[in-house]
Amino acid sequence: MTERAAAVPLADRGYLTERGFRAWATTLDHKRIGVMYLFTTLFFFLVGGLFAIVIRLKLMTPGPGFISDHTYNVFFTIHGALMIFIFVIPAIPSSLGNFFIPLLIGARDVAFPRLNLFSYWLFVAGICVVFGSLLNPMDTGWTFYAPYSTRTAAAVTVLAFGLFMTGMSTILTGLNFVVTIHKLRAPGMTWYRMPLFIWAMYATSIINVLATPVIGITFLLLAAERLFGIGFFDPAKGGDPLLFQHFFWFYSHPVVYVMILPAMGIISEVIPVFARKPIFGYKAIAYSALAIAFISFLVWGHHMFVSGMSTVAGVIFSFLTFFVAVPTGIKIFNWIATLYKGSIHLDSPMLYALTFIFHFIIGGLTGMFLGALGTDVHVHDTYFLVGHFHYTIMGGTIMGLFAGLHYWFPKMTGRLLDELRAKLAWLFIIVGFNVTFFPMFILGYLGMPRRYAEYPPRFQTLHIVSTVGSWVLTIGIAIMFLNFLRCMRKGQPAPANPWRALTLEWQTASPPATDNFETIPTVTTWPYGYGKKGDAGE
Amino acid sequence: MPALTFLHGEASRSAGEVDGAFIFIAAICIFFFLLTQGFLIYFALRYRRKKGEPDVETPYITDNHTLETVWVIVPSLLLLAIFAYGYVVFIDLKSPLAHATEIAVTAQQWQWSFTYPDGRTVVGELRLPVGRPVKLTMTSRDVIHGFFIPAYRQKQDVLPGRYTYLWLEPDRVGSYDIFCSQYCGTGHSLMRATLVVMPAAAYAQWVEQQEAKARQAKAGTEPLAEKGEELMEQSGCLGCHTVDGTPKVGPTLKGLYGKSVPLSTGQSVTADDDYIRESIVDPNAKIVKGFPPIMPTFRGKLSADDIRAIIAYLKTLH
Ligand code: HEM
Ligand SMILES: [Cu+2]
């Protein structure tokens, strides 16, 4: 360990050479824009996490707590809205996607670099507007259900405009990626030679382009109702309150796949590299990403089984919902099969990738109870649901993000991470996460509703367990972030290809030069040719 | 089904049925959980390479059609079975019960009120005789709420401007929580009520008492304070205020009359008749320190006589 030794300067800082605010703020380099997105989104992950810690502290006691019930409601709204709209939706696509799509397909930049920079600043402007709404903070939950959201005194209109802007930025980024993937692949990179991360980002971008306009329009309708009293949603004004939920979930269900598909893409890259085996069922994984993207548009009603929607609609939506489970299951089986007879390196990226699978299985299986009509009636809007989506989003997507950050850290910074600290952080995170969120399944089955500032005392024990878990989780995340910060400046200089991976980003310098490749590579094969050819096992 | 009752009591047939579906799905899920996590962890450890050891040569396996067919078909069939079970239970929960007594449920921020066929309205408590099926016809006065009885595994959102229904079979005597499950604002988590399932005789006796009281009110022989108490229940005051000394969304009304009330402006005011009247018709004129300015006005809803009755009731709360 070079613990106390002074940091070794990098021989070549590549795309990081130019310093200063202007050089970053006006850059057209997709890598720098990706890094800016990464810092922005991770910052809001930490802010959202702080709110979560306060929420959990409040829930230690069943009665009135150290924050008022109204403040509690504001806090879970801010927590949810930040985590969903400002963190998870853009986190992997806009940061790692921006950085690595051109590198993985052997391009020098995205198709529209100026638009890319514009998207970033639009995103930041949107966040500023969102923060403007804190003057009279939102208390509606991140779901904005009307007519509560059309009646509350909180600054819903301002927030809606802010999210409209970040949504616009998401659409532009999605378009940019679709065009980039179609047009800028290196010579020889056919569709079936594309890394699976690219397939995942392609499916994600399509959802973003098609679904985001719907939520944008919904926010505008909401604003129109609040500003001009036009009755779209409030029955007192002649509107229909379920209409809002249909619009909202028509967007927000596909968007849960925007949250999970990119992480699945990262897992599909990490597993073969660390198992030294070809990915099992390449085409099945690639097409299941597209299948998920398509089917995800047909199942929004499974959020509304008890909303008062018709029974027939409920039955149809439940039936379709189980179709999404099939491609998702295929992916999980394929990843596990890839491990078979591998030569597995349990380095930190792999640990996070395996943790993703571990949590995602739990998240997926608990989804069965929510997709089946009879059982959803009971656990809908309880902590069972809160447990389910934290297992998929935090336990899944965020673990995928962490896997990606550990995997690509050497490429992005030109330095290696401290493995020991990375593994220590992982241990705290996996223990803390499960202690925090597993009790929620039991709480939910016992009937504890979500969004409850106060609750009957019989639920207290499990809430205390969960809160203690959140402290362990916090320690793990703190260790991980400190490790990132420290190794960004002091880590050992990284070789171009520390993991001996075959995808193109590793065939160029760490960190890459501004134009990525000295000469654009010509691709002759798929990127998963690990293992001995002609030896197909037993 | 004896089912998951060890976890929490099954209080009606619907609970047993939902638990049956739960157990069925759980059995499938536990099987797949063990299968997938088992292979995941086993492979990760079995084929693990220690630091410093050279790579072993790995086989070049890219797919296996038999295996892949099996793991598409088998889970698909199980998924269909899960869907079907969930469907059957759901349809049963939604099916009308013969000879059901109809009770109207009104939700408003932040209380539940129940109106019986004889016209009586009770707030915060739904009393039912055991063994007689019930149909709840529910609507909301303001935003969306959710009517949730965990012990029955039953839940249904309650919408403004529309009716939704729920059929209950109170099979077992006891008292059970009713929660609001759809977020509805500041007092959401306090929007609870109790379902009391009583033996038939005790229920009849309770109805008798209630009806006597109602007759008295109609004849105008009811004491002013009692009328005030009823008005407070019916108007929704108790959604936010208690009369037992604990603050809720708004300050408690116990011991309010004649007390000095601290205001958000830093001043304070004595709670006399006029202050109480103003707080009812123009609630935002003076805000009690530490509480949000969210109380709606009751101007036009409560007459001068009504307010007098309420003040009379408040005077009795010491
Ligand atoms: C640090 C770890 C976290 C903890 C301890 C935590 C805790 C919680 C708790 C207790 C609630 C329920 C609040 C209630 O219903 O009263 C909640 C809600 C929520 N959380 Fe988290 N959370 C964490 C991380 C995340 C992450 C990473 C995401 C998404 C990326 C997320 C997204 C949400 C959302 C969308 C809600 C729903 C908010 C609502 O009901 O409006 N959380 N969280
Ligand atoms: Cu409610």
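Start with a pair of helices in chain A. α7(A) passes α8(A) in a left-handed crossing. Left-handed here means that the near helix is turned anticlockwise from the far one by less than a right angle; clockwise would be right-handed. Helices are DSSP runs of H or I of at least four residues, strands are E runs of at least two, and both are numbered from the N terminus.

Before going on, the ground rules. This is a predicted model, where local features need pLDDT of at least 70 and side-chain atom pairs count only at pLDDT 80 or more, while totals for chains, interfaces and linings use all residues. Residues are numbered from 1 along each chain as its sequence is written, chains are lettered from A and ligands numbered from 1 in the order written, and side-chain values use heavy atoms, without hydrogens and water.

Back to the pair. Helix α7 of chain A spans residues 196-228 and helix α8 of chain A spans 241-275; they pack at about 160 degrees, with axes 8 Å apart. Axes are lines fitted to C-alpha atoms, for helices over the stretch in contact, and angles run from 0 to 180 degrees between N-to-C directions. So α7(A) and α8(A) are roughly antiparallel. The cut-offs: under 35 degrees is roughly parallel, over 145 roughly antiparallel, 65 to 115 roughly perpendicular, and the rest oblique. The contact of α7(A) with α8(A) has 22 nonpolar residues, 6 polar and 1 charged. Nonpolar covers Ala, Val, Leu, Ile, Met, Phe, Trp, Tyr, Cys and Pro; charged is Asp, Glu, Lys and Arg; the others, Gly among them, are polar.

Now between chains. Helix α10 of chain A (residues 311-339) packs on helix α2 of chain B (residues 65-94) at about 155 degrees, axes 9 Å apart. α10(A) and α2(B) are therefore roughly antiparallel too. Their crossing is right-handed. That contact counts 18 nonpolar, 4 polar and 2 charged residues.

Next, the record. An unreviewed UniProt entry places "domain: Cytochrome oxidase subunit I profile" at residues 18-524 of chain A. UniProt positions are in the numbering used here, names are shortened, and annotations may be inferred rather than shown by experiment. That span is 70% helix and 0% strand. In chain B, UniProt gives "domain: Cytochrome c", also unreviewed, at residues 223-318. This one is 34% helix and 6% strand, with its end C-alpha atoms 18 Å apart.

On to metals. Which protein atoms hold the iron atom of ligand 1? They are A:H79 (NE2) and A:H390 (NE2), at 2.0 to 2.1 Å. Donors are N, O and S atoms within 2.8 Å of the metal (3.2 Å for Na, K and Ca); water is not among the atoms, so sites may look incomplete. A:H79 sits in helix α3 and A:H390 in helix α13 of chain A, 311 residues apart.

B:H145 is in strand β6 and B:C184 in the loop between β9 and β10 of chain B, so the pair ties together parts 39 residues apart in sequence.

Last, the backbone. A:A146 and A:P147 are joined by a cis peptide bond, omega about 0 degrees. A:P147 is in the loop between α4 and α5 of chain A. A:F144 lies in the loop between α4 and α5 of chain A. A:F144 is not a glycine, yet has a positive phi of about 55 degrees. In chain B, a cis bond joins B:Q109 and B:W110, omega about -5 degrees.
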